[in-house]
Amino acid sequence: MAASAARGDTGRVQELLEALRGDADSDVRRLAAEALGKLGAAEAAPGLLEALRGDANLNVRRTAAAALGKLGAAEAAPGLLEALRGDKHSEVRQTAAEVLGKLGAAEAAPGLLEALRNADSGVRRKAAAALVELGAAEAAPGLLEALRGAEYDVRWGALRGDALRDANSDVRCLAAEALGELGAAEAAPGLLEALRGDFDSRVRWKAAEALGKLGAAEAAPGLLEALRGDKDSGVRREAAAALVELGAAEAAPGLLEALRGDKDSGVRWRAAAALGELGAAEAAPGLLEALRGDADWNVRRTAAAALGELDAAEAAPGLLEALRGDFDSRVRWKAAEALGKLGAAEAAPGLLEALRGDADSDVRWKAAEALVKLDAAEAAPGLLRMLEEDVDPEFRRTAAKMLDRFDPKDLALQLVRTVRNRDMGIPWRETAASELARLVTKDSAVALALADEHADALHDAAQEEEVGKVFRDSCAKAVGKIDAAHAQAADDAARHGTATQHRASTSGS
C-alpha cells in the first residue's frame, strides 16, 4: 500500500513537472510550481530552477523560487543568487533574497550585501532580513552603510545620503536589528548615531535594542539621553531595557527620573523593572513612592517586584500597605511575593490576614508561599485549606510540598492553636483538627511533644456548640493519641526504673 502511494506521488510529481515545463498557460505553470513546493518533492528542484531561470512569466518565476525554499533545496542557492542579481522584476528578486535567508546559504552573503544597494527598497529589506537569518558577520559594514543611509536635517527637512546609504526606513530598521543579532561590536558608534539622529522612531528603537544586545558600555550615555529626551515612548522604553543589558549602574538616577516623571506608564514600569534588575539599592525610596502613588497598576506591581529584588528591608511596611490596601490583586500578590523574598518576619501577621481573607486566590497563594519562606508555621492551616479546596492539582501538590518543610512538632503546636482560635472560622479549625489527628496518629513522638494542657484545650474545643461532628471526632482522636503516648512513655519510664533498680541490687549482692 505504501509502495503504491509512493508510486502515485512520483507520478504526480512527473505530471506537475511536465506542466511546469510545457503548458502554454502561465497560471497552470504557476500552480504546478506551487504544488511541487507543497509536495516537498526534492526531485523537483532541477525543474523549479529551470523555471526560475527561464520562464517568461514573473509569477511563475517567483513561485518557483518560493517552492525551492519549501523544499529546503540548498543546491538551489546559485540559481537564487542569479535571480537576486539579475531578474528584471523586483518581486522575483525579493523572493530570491528571502529564500536564501531561509535556506541558511552562507555563500549567499556577498550577493545579499550587493542587494542592500538594489534600486528597489523591497529587495533591500528582504536582503537585510536574510542577512539577519544567516548571521553573516561580514555583513556588518554594509549594514552600517544601510543604517546611516538617511540623515534627517531638521533645518531643511531634507534627506541626504549617498548611493551606499539607504533612504528607506524599513531597511534601516532591519539593518539595526541585524547588527545587534550579529554581535558586531564595531557597529556601536553607527547605532548611537541612529539612536540620536534618525527621524524614524522605529529605527531609533531598533538601534537602542541592538546596543543592548552588543553590551556596548560606551553606549550608556547615549541611551540615557534617549531615556530622558526621546519624544517616542517606545524608544524610551527600549533605552531603559538596553541599560539593563549593559549592567549600567550609573543609569540609576536617570531611571529614577523616568520612574517619577515620565508621562508614559510603559516607560515608568520599564524603569522600575530596570532598577530592580540592576540591583540599585538607592532606588528603594523612589520605588516605594511608585508603589504607593502611581496611577498605573503595572507600575505599582513592577515597583513591588523590584523592591523584592533589591532586598530592601526598609520596604516591608510599604509592601504591607500594598498587600492590605491596593485595589488591584496583581499588585497585592507581587507585594506578598516581595515580602517573602525580603524575609521580613514582621510581615507574618499581614501575610496571615491575606492568606485568610483576600478575595483573590493568587494573593492567598503568594501569601502562603511567603509565610513558608519566613518559616512561619502559621501558614499551615491556610495550606491545608488549599489542599482541600483548590481544584488545581499542581496547586495541591505544591501546597503539600510546602507543608513538608515544617517540623512536624512545630506544625502540631500551630494546629492546636488554630483549633482553639474561635476567630479562625469553623472550616479552618475543622481542617486543622483533622490534620492534627492524622499527625499524632502517624507519629507518637509528635503526640508526646504535646502536653496535657494541649489535650485539655482540644477537649474543651470539642464541647463548643457550634462545631460539627467531624471537628469533635478529630479532636477526640487527637486527645486519645496524646493521652496514649504519654501513658506509654510513663510505662516505659517505670519499666526502665525497675530494671535499673534490679541491676543495682544484683550488682550490690
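Aspartate 311 counts as exposed in this predicted model, because its relative accessibility is 53% and the cut-off for that class is over 50%. The residue sits in the loop that runs between helix H18 (297-310) and helix H19 (316-325), and its phi is positive, at about 60°, although aspartate 311 is not a glycine. Most residues other than glycine have a negative phi.

**The chain as a whole**

- The protein chain has 29 helices and 2 strands, and buried residues make up 51% of its 509 residues.
- Of the contacts in the protein chain between residues at least 6 apart in sequence, 64% join residues that are at least 24 apart.
- The accessible surface of the protein chain comes to about 23800 Å², and carbon and sulfur atoms account for 49% of that area.

**Helices H8 and H10**

- Helix H8 (residues 121-134) packs with helix H10 (residues 169-182) at an angle of about 10°, and the axes of the two helices are 9 Å apart.
- That angle makes H8 roughly parallel to H10, because angles under 35 degrees fall in the roughly parallel class.
- On the H8 side the contact is formed by Ser121, Arg124, Arg125, Ala128, Ala129, Leu131 and Val132, which meet Asp170, Val171, Leu174, Ala175, Ala178, Glu181 and Leu182 on the H10 side.

**Aspartate 200**

- Aspartate 200 is placed in the loop between helix H11 (188-197) and helix H12 (201-214).
- With a relative accessibility of 12%, aspartate 200 counts as buried, since the buried class is set at under 20% relative accessible area.
- A polar atom of the aspartate 200 side chain lies 2.8 Å from the backbone nitrogen of arginine 202.
- When neighbours within four places in sequence are left aside, aspartate 200 is in contact with Ser169 and Arg172.

**Tryptophan 428**

- Tryptophan 428 has its place in helix H26 (residues 426-442), and this residue is buried, with a relative accessible area of 14%.
- Although tryptophan 428 and leucine 384 are 44 residues apart in sequence, their C-alpha atoms are 8.4 Å apart in space.

Methods:
Residues numbered from 1 in each chain as written. Predicted model: local features only at pLDDT ≥ 70, side-chain atom pairs only at ≥ 80, totals over all residues. Heavy atoms only, no water. Axes fitted to C-alpha atoms, helices over the stretch in contact; angles between N-to-C directions. Helix = DSSP H or I, 4+ residues; strand = E, 2+ residues; numbered from the N terminus. Parallel < 35°, antiparallel > 145°, perpendicular 65-115°, else oblique. Contact = heavy atoms within 4.5 Å. Buried < 20%, exposed > 50% of the residue type's maximum accessible area, 1.4 Å probe, protein only. Polar contact = N/O pair within 3.5 Å; in protein donor to acceptor, adjacent residues only side chain to side chain. Areas by Shrake-Rupley, 256 points an atom, 1.4 Å probe, with all protein chains shown as cover.
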